Each structure stands twice: as C-alpha cells, then as structure tokens.
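Student: I have not seen this structure before. Could you take me through its features one at a time?

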Amino acid sequence: MRMLIVFGSLCTDFFMNIEKHPTDKNPASADMYKMHPGGRGGNQALAATRIGAKTAIVGMIGDDPMGTRLSDKLRSEGVLTSGLGRSDKPTGCNCIAIDADDNPRIYQAMGANQDATAEQIPDEILTESSMLVLQMELPEEENYKLMQRAKENGAKVLLNLAPMKMIPRKFLGMIDYLVVNQLEAKQIAMATEMDSKNNAVMIAKGLAQEGNLTCIVTLGAKGSVAVTAEGQSWGMSALKIGDNIKEENIWGASDAYCGTLASCLYQDMPLKDALKRASIAASLSCGGAGAQPSFAFLDDIEQQLADMPDAEPTQV
C-alpha cells in the first residue's frame, strides 16, 4: 500500500498576547486567547495532504473534546486518521505567551503524545513505495523502532530533527532525508565537534556524509540549502513576504516546509523542485496566524512558481 505516513504529535495551540513576561509570582494577564490546531505531526500531515499526497497521521490524542476536535479537523481536510489512538492522558497542548516586544515563551504539555507507540503502524504499510515522516516530539525509542522497521521494509524515512536531540549513529544511517533548521544544525555541529565554521552548507555536507543521506538546512528568511549523499548541493531562496511579520505568523512555517517537502518527494518530484515548493509553502504560511489555519493549498503554491527562482547548485 502506497502512503505517506506521519508519526507525530497532535496538540492544541493556545496563543496569548501579554504586555510583558512575569519575573515574579504575579500573573501576566491577556485580554483573550486564540486556539488553533497544532502539533508537529498534525501540522506536517495537513501540509502534505494539501500538496496532494495520500497521507495518514499516526499518534495519540486524549479521550476528550480537544482530541476529537483535532482529529475531526484533519479528517475533514482529507488526512487519514484511523491510526490515531486514544489515551487516558489528556490531549497535548502548547501555550505560547508573546509579549509586547514579540518575544515568546512556550510551555508544552505533551499529554497523550507520550503514549504513542511504533506498534500503531503495521508492517503492511511500511512498503518500498511508502514514506515515513518523523519528528522528535514523540518518545525517541518509538521513532527508532520505526526507523529500523522502515529500513527493513524498504520505506523512505524523512526525519525533522525538531526539537533537536542527538541521534545514535546507527540510526542516522536509516534516514533518507534529514531536515534541521539553522540553530539545530549548529547545535549538532558543536555537539559532534564538526569542522563546519558555522556554515550551513558545510554542516549539511557533514551530516549527509555521516549518514549517507540528504540533509536539508532551513535558514528562515534566507531560504534553505540541501546536500545529497553524493555531494550534490542546492541553495533555495525564500519567497519575499511582508515586513510586519510577528511570532504568531511564523509559528507553523517549519512544519509547512517539512510537510510540503515530504509530499513532493513522496510523489517522486526531483529534489530541487521539492525545495522550491517547500520554500514557497513556508513563506506563504507566514501570512496568517497559527500553524494549520495558515497553510497553503497546491493552487496557492503553483501560482507563485513562475515568480520564484529555481534552486541553484552551490559550492560545498
């Protein structure tokens, strides 16, 4: 069975705008809050579906209205949700408090996500024509079990190393596509004493060689770079967006990028073309508030293709 399978977290995101973050025990008050569906797994599954991939989300939600709301929203968008389980723990949530200077503080309760297991994904769908997409918000050992099984069954693996955690070397070799942001890339370089000179292309090259994989480093408004296991490298710019971009606007950009990239690669698109569409998707997501409500559809991305330069070969 050919399918893009996202094993990842589902959370409700609560955004609050406050005057300043507290430095003592006094509360910081907000006039109101905004609530959006989120979690890296749910976000990336939705982004992939909107680009045309048959996508399943696998994870855990609570047996509560918040979990039902997240599941129903993804199902209404065409994401396959039969792989979602129910936990005795409450559905995960993120609380994002943003002060008047646009500085966020993020408080995360993973809740039901902690109960997600690799056994929720049967071998029957981990086939040579499938792709497995992972992040680092679910239990690490469950990710590693899935990587092992995906490798044994011939499925492609894309890992978004967010939040950044060091991967045992033997599992690095089970990844086909590794996606990190600039900060995560630098943290890896420092932890492994990589001779990178804080250069994104050099870090991507080092990780690509170490794991015999394709490494993509996202650079925010500067776009992204990618280096393949064979040493071919690409640089991709970002779509120019408005100047008044706030923290709430960029909240889902990395997930829009990863989900779109995975969807394009799953549909056998050349890497340089996938990079272009992922870059556009991430940029367009900065035009709204929250993650999932701001994600672009395929038509939105295609309308920008003519005005966006192609990815170009870079020197490593």
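Student: What percentage of the 316 residues in the protein chain is buried?

Tutor: This is a predicted model. A residue counts as buried when its relative accessible area is under 20%. In the protein chain, buried residues make up 56% of the 316.

Student: How many helices and strands are there in the protein chain?

Tutor: The protein chain has nine helices and 14 strands. Its radius of gyration is 19 Å, close to the 20 Å from the globule rule for 316 residues, so the chain is as compact as a globular protein of that length. The C-alpha trace spans about 55 × 45 × 40 Å along its principal axes.

Student: Which residues have the most contacts inside the largest nonpolar core?

Tutor: The largest one here has 51 residues, and Leu 158, Leu 261 and Leu 275 have the most contacts inside it. Helix 7, residues 253–266, gives the most to this core, with eight residues. A second, separate core has 46 residues, including Leu 146, Ala 150, Ala 200 and Leu 213.

Student: What does Leu 275 touch, not counting residues up to four places away in sequence?

Tutor: With those left out, Leu 275 touches Ile 216, Ser 224, Ala 226, Trp 234, Met 236, Tyr 257 and Leu 261.

Student: Is Thr 49 buried or exposed?

Tutor: Thr 49 counts as buried because its relative accessibility is 14%, and the cut-off is under 20%. Thr 49 sits in helix 1, residues 40–50. Setting aside neighbours within four places in sequence, Thr 49 is in contact with Thr 55, Glu 77, Gly 78 and Val 79.

Student: Where is Asn 212, and what is its phi?

Tutor: Asn 212 is in the loop between helix 6 (200–211) and strand 11 (214–218). Its phi is positive, about 50°, although Asn 212 is not a glycine. Asn 212 counts as exposed because its relative accessibility is 59%, and exposed means over 50%.

Student: What is the phi of Asp 268?

Tutor: Phi of Asp 268 is near 65°, a positive value in a residue other than glycine. Asp 268 is found in the loop between helix 7 and helix 8 (271–285). With a relative accessible area of 62%, Asp 268 is exposed.

How values were computed: Residues numbered from 1 in each chain as written. Predicted model: local features only at pLDDT ≥ 70, side-chain atom pairs only at ≥ 80, totals over all residues. Heavy atoms only, no water. Core = buried A, V, L, I, M, F, W, Y, C linked by side-chain atoms within 4.5 Å. Buried < 20%, exposed > 50% of the residue type's maximum accessible area, 1.4 Å probe, protein only. Helix = DSSP H or I, 4+ residues; strand = E, 2+ residues; numbered from the N terminus. Contact = heavy atoms within 4.5 Å. Rg over C-alpha atoms; globule rule 2.2 N^0.38 Å.
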